[in-house]
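Welcome! Here is a short briefing to read alongside the sequence and the model. Take it topic by topic, and keep the structure open as you go.

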Amino acid sequence: MSRSLQLFDSTIEIDNYNNDFLILKSADRSVIRKIGKAIFYKKFPFVEEVIVTEVEICLKLNQYFDTSKIEEIAKIESGENAKVKTYILPVFFGDQEDWAAVESFIGLEKGEIIASLMSMDFSISMFGFLPGFLYLDGLEKPFHVPRKAVPSKYVKANSVAIGGQYLGVYALDSPGGWHVIGHTPVSVLQTPALPPVLLNLDDRIIIQSIEEEEYEVLLQKNQIGLKEYNA
Amino acid sequence: MPKLEIIKPGLMTSIQDLGRNDLAYFAIPKSGVMDVNAAKIALLLLNLDADSPLIECTSIGPHILFHDDGEIAITGADFNWTLNDKVVRPNVVFEIKKGDLLKSQVAKDGLRGYIAVKGKLNLEKVYDSFSTYTNAKIGGHEGRLLKKGDVLEWENEEVEKVNYKTILIKPGPEFLSLSENAKQDFLSNIYKIGRDSNRMGIRLEGAPLKETIARLKNSVPVLPGFIQLPPSGLPIIVLQDGQTTGGYPRIAYVSQVYLSKLNQIPLGGNMKFVMKESI
């Protein structure tokens with residue numbers, strides 16, 4: 001069952017999957033973020049989980065949901081936007097094995113690629129995958145190295161990687177299909193704080209290349225947080 | 001139909017379910033089990049629907065003779081249950097053979113107990129409930145407490161005689177993008193729970209779907225139970241520790257109540273998807 005709603009001056013398509021979950025879609029990415037955030041903080045009793053990605057919001061429903069509740073979603077108001085902050089993310093670009101594939105796809109050498117990444121303006125476009133994983137928007141088109149055909153079974157925590165249009169940071173050890181190009185000595189994941197990353201959507205990230213020596217020194221500081229590092 | 005017979009009724013043994021709803025307006029009481037938790041445990045042990053009837057015992061339990069094979073669960077207070085004079089503990093499922101005699105004594109450490117039978121007891125609902133309300137003589141077995149000689153019949157659920165488990169699924173967001181051939185294969189293949197499966201997800205092994213869907217342009221939300229189709233053509237089922245977003249098409253999702261069944265299939269076990277059309 002599908003219908004559309006006017007929300008925040010945009011048209012939102014809503015698909016209802018058997019009252020099990022709703023998928024909300026809009027071509028307007030900024031509106032999806034705003035609506036997703038507003039729904040999450042509204043704490044509707046009929047919504048069990050809210051997952052916001054760039055183009056879709058998924059609402060897991062419970063027994064309190066019926067189709068009339070969609071009208072309540074239609075009346076939601078946008079909350080205040082948090083101030084956008086800028087953080088520097090130090091990355092040691094080592095000799096990760098994925099570099100060969102990255103260099104060959106982009107057609108530049110490692111040094112040139114690192115210099116380009118440092119000049120790009122990244123922003124947090126969504127939380128997702130696993131706790132602490134950051135999807136960073138702002139990767140220029142020629143750097144969109146496609147994900148691996150067969151995901152690696154193990155990617156080390158705090159790996160920095162390219163996956164299609166995103167630059168990503170793996171906060172936890174996990175399987176992963178992105179090409180790893182470096183590691184950050186700082187930690188973005190700060191459990192059990194809530195949110196587990198002390199960052200907001202849209203916050204800006206600037207990549208700073210660091211040498212191995214500095215990387216090792218920072219590592220000794222026992223997982224210094226991104227905020228502390230920027231303080 | 002399989003039968004059981006009440007040899008001794010006990011004190012106040014009756015058929016109950018979770019009771020009647022929304023009828024106090026007409027001065028009809030709720031009725032139903034007195035210990036909802038114990039009753040629900042019995043239903044869950046046998047994977048019975050939440051509105052299934054069970055036998056409630058109070059203070060002095062019944063003696064029951066089984067005329068046929070079956071499966072039962074006993075919960076609540078311990079009535080010193082014995083089966084053919086061998087002690088049985090509450091809160092476990094046990095098999096019953098034709099001619100078995102279940103006996104009980106006085107409840108200890110509690111007052112009420114429940115006996116649930118696997119299958120469907122052959123009773124009629126009154127006001128949308130199986131609960132016995134003796135004052136108005138409605139519900140349960142002839143609207144009264146069970147007595148010596150009463151015979152209850154039940155229908156056995158269809159036992160899965162095949163060597164695979166069936167898992168009920170519903171169409172997911174990208175289901176319609178599957179080709180007809182792929183849909184057919186997906187719903188007729190018998191899959192094996194892959195060795196790489198863990199709390200994050202199940203990797204299925206078997207014949208890969210020949211026609212898959214292109215990877216999605218964006219990462220999209222996924223919930224436990226979502227079935228993703230990677231380019232390999234072998235579906236992945238996201239589980240309890242699963243990621244919250246992913247880029248593979250979400251062709252279907254496992255109905256909530258079937259997730260438990262799915263998660264009990266051992267590595268290497270066989271399963272097959274069954275799809276009921278959406279509402």
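A:Asn158 sits in the loop between β9 (152-155) and β10 (159-163) of chain A. Strands here are DSSP runs of E of at least two residues, helices are runs of H or I of at least four residues, and both are numbered from the N terminus. This is a predicted model, in which local features need pLDDT of at least 70, side-chain atom pairs count only at pLDDT 80 or more, and totals for chains, interfaces and linings use all residues. Residues are numbered from 1 along each chain as its sequence is written, while chains are lettered from A and ligands numbered from 1 in the order in which they are written.

- A:Asn158 is not a glycine, yet its phi is positive, at about 65°.
- A:Asn158 counts as buried, because it has 23 C-beta neighbours inside 10 Å. The scale works on other C-beta atoms within 10 Å of a residue's own, placed from the backbone: 20 or more is buried, 12 or fewer is exposed, and anything in between is partly exposed.
- A:Phe129, in the loop between β7 (122-127) and β8 (134-137) of chain A, also has a positive phi, near 65°, and is a residue other than glycine.
- A:Phe129 has 25 other C-beta atoms within 10 Å, so it is buried.
- The bond from A:Leu194 to A:Pro195 is cis, with omega near -5°.

**The seven-stranded sheet of chain A**

- Seven strands of chain A form an open sheet with mixed pairing, in the order β6-β14-β7-β8-β11-β10-β13. Two strands pair if DSSP finds at least two bridges between them.
- At the edges are β6 (86-91) and β13 of chain A, each of which pairs on one side only.
- On average, neighbouring strands of this sheet are turned by 35° against each other, direction ignored. Such axes are lines fitted to C-alpha atoms (for helices, over the stretch in contact), and angles run from 0 to 180 degrees between N-to-C directions.
- Inside the sheet, β7(A) and β8(A) run antiparallel and are joined by four bridges. Opposite A:Ser123 stands A:Asp137 in β8(A).
- As background, strands of a sheet pair through backbone hydrogen bonds, either parallel or antiparallel.

**A closer look at A:Ser209**

- A:Ser209 belongs to strand β14 of chain A.
- A:Ser209 is partly exposed, because it has 15 other C-beta atoms within 10 Å.
- Which residues does A:Ser209 contact, leaving aside its neighbours within four places in sequence? They are A:Val91, A:Phe93, A:Ile114 and A:Met118. Contact means that the C-beta atoms of two residues, placed from the backbone, lie within 7 Å.
- A:Leu198 is 11 residues from A:Ser209 along the chain, and their C-alpha atoms are separated by 22 Å.

**Where chain A meets chain B**

- The contact draws 16 residues from chain A and 13 residues from chain B.
- On the side of chain A that touches chain B, β3 (21-25), β4 (47-52) and β5 (56-61) of chain A each supply at least two residues. The largest share, three residues, comes from β5(A).
- That side of chain A divides into nine nonpolar, three polar and four charged residues. Here Ala, Val, Leu, Ile, Met, Phe, Trp, Tyr, Cys and Pro count as nonpolar, Asp, Glu, Lys and Arg as charged, and the others, Gly among them, as polar.

**Chain B at a glance**

- Chain B has three helices and 21 strands, and its C-alpha trace spans about 65 × 45 × 35 Å along its principal axes.
- Of the 279 residues of chain B, 39% count as buried.
- Among contacts in chain B between residues at least 6 apart in sequence, 73% join residues at least 24 apart.
- Chain B is divided into domain 1 (3-155) and domain 2 (165-275), with bounds from an automatic or database domain assignment. Taken over C-alpha atoms, the centres of domain 1 of chain B and domain 2 of chain B are 39 Å apart.

**Strand pairs in chain B**

- Strand β1 (residues 3-8) and strand β12 (residues 151-155) of chain B run antiparallel and are joined by three bridges. The bridge partner of B:Leu4 in β12(B) is B:Leu152.
- Strand β11 (residues 120-121) of chain B pairs with β12(B) over two bridges, in the antiparallel sense. B:Lys120 stands opposite B:Glu155 in β12(B).
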